[in-house]
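Subject: Handover of a structural model

Dear colleague,

Please find below the structure that I am handing over to you. My findings follow directly after it.

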Amino acid sequence: MATDKELDDFLASVEKRAFKRTVYAVRDEDAALDIVQDAMIRLAERYADRPAAEFAPLFQRILGNATMDWFRRQRVRDGVMQNLSELEAGSDDPDFDLLEHLGALQGGVDGAETTVSRLQTLRAIEYEVARLPARQREAFLLRYWEEFDVAETALAMGCTEGSVKTHCSRAVHALARALRQRGIAP
């Protein structure tokens with residue numbers, strides 16, 4: 001059984017990554033915040049009595065389901081899927097960039113040239129990650145952003161380990177190809 005502190009620590013450790021992942025999926029910061037909060041509440045209400053080691057896969061599964069529920073509601077409400085082409089939907093400032101905003105909040109001491117170069121590279125990576133097919137993006141983010149192993153990713157996605165490996169491999173190759181075309185190499 002997990003303690004309240006373990007649950008609080010877990011939720012604090014995943015909130016920013018979960019938000020970013022959800023923004024990638026729904027392209028709406030307000031909706032992403034609602035989805036993440038709902039997923040955290042569901043975990044706390046329904047699974048707080050589980051061992052702390054089970055929180056990560058449970059939370060990712062809950063978050064994935066909550067995101068899919070949001071898409072279903074949008075389809076019903078709007079009659080068609082929303083246009084998913086703009087990451088910063090809902091911002092009042094047309095030049096607003098979530099990555100720059102988060103970077104400014106965290107601060108930094110790099111020179112302007114380094115900062116601009118890094119931001120341009122990160123923007124390109126974010127853009128290419130956002131262009132991946134949904135399952136490839138989900139597998140990629142769980143494996144390399146959330147640092148889940150293959151089994152945990154399969155559990156969170158509700159698929160086989162082989163499917164996770166396939167999705168990740170395709171995502172990595174697609175990203176590498178797209179970034180090379182942009183002149184970004186490791």
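The N-terminal end of α7 is capped by D149, one of whose side-chain oxygens lies 3.1 Å from the backbone nitrogen of A151. This is a polar contact, meaning a pair of N or O atoms within 3.5 Å, where within protein one must be able to donate a hydrogen and the other to accept it, and residues adjacent in sequence count only if both atoms are side-chain atoms.

The model is a predicted one: local features need pLDDT of at least 70, side-chain atom pairs count only at pLDDT 80 or more, and totals for chains, interfaces and linings use all residues. Residues are numbered from 1 along each chain as its sequence is written, and side-chain values use heavy atoms, with hydrogens and water left out.

Helix α7 spans residues 150-157, and V150, T153, A154, A156 and M157 are buried in it. These residues lie on the same side of α7 because they cover an arc of only 165° around the axis; the arc is that of the directions from the helix axis to the C-beta atoms. Buried means under 20% relative accessible area, exposed over 50%, and partly exposed in between (1.4 Å probe, protein chains only). Just after α7, G158 adopts a positive phi of about 70°.

As for the chain overall, it contains eight helices and zero strands. Helices (H or I, at least four residues) and strands (E, at least two) are DSSP runs, numbered from the N terminus. Of the 186 residues, 38% count as buried. The chain exposes about 11,200 Å², of which carbon and sulfur atoms supply 51%; accessible areas come from the Shrake-Rupley method with a 1.4 Å probe, and for residues only the protein chains shown count as cover. Among contacts (heavy atoms within 4.5 Å) with a separation of 6 or more, 65% are accounted for by residues 24 or more positions apart.

I turn next to the salt bridges. Side chains of opposite charge can pair when their charged atoms come close. The structure holds eight salt bridges, each defined as a side-chain nitrogen of Lys or Arg within 4 Å of a carboxyl oxygen of Asp or Glu. One of them joins E138 to R21, with the closest N and O atoms 3.4 Å apart. This pair links distant parts of the chain, as E138 is in helix α6 (residues 134-145) and R21 in helix α1 (residues 4-26), 117 residues apart. Both E138 and R21 are buried.

E138 also meets R135 in a salt bridge (3.4 Å, N to O). R135 and E138 both lie in helix α6, three residues apart, about one turn of the helix. R135 is partly exposed, with a relative accessible area of 32%, while that of E138 is 17%.

R182 lies in the segment after α8 (161-181) and E128 in helix α5 (residues 112-131), so the pair ties together parts that are 54 residues apart in sequence. R182 counts as partly exposed at 42% relative accessibility, whereas E128, at 7%, counts as buried.

Finally, A52 is placed in the loop between α2 (29-47) and α3 (55-78). At 31% relative accessibility, A52 counts as partly exposed. Leaving aside residues up to four places away in sequence, A52 touches A2 and E6.

Yours sincerely
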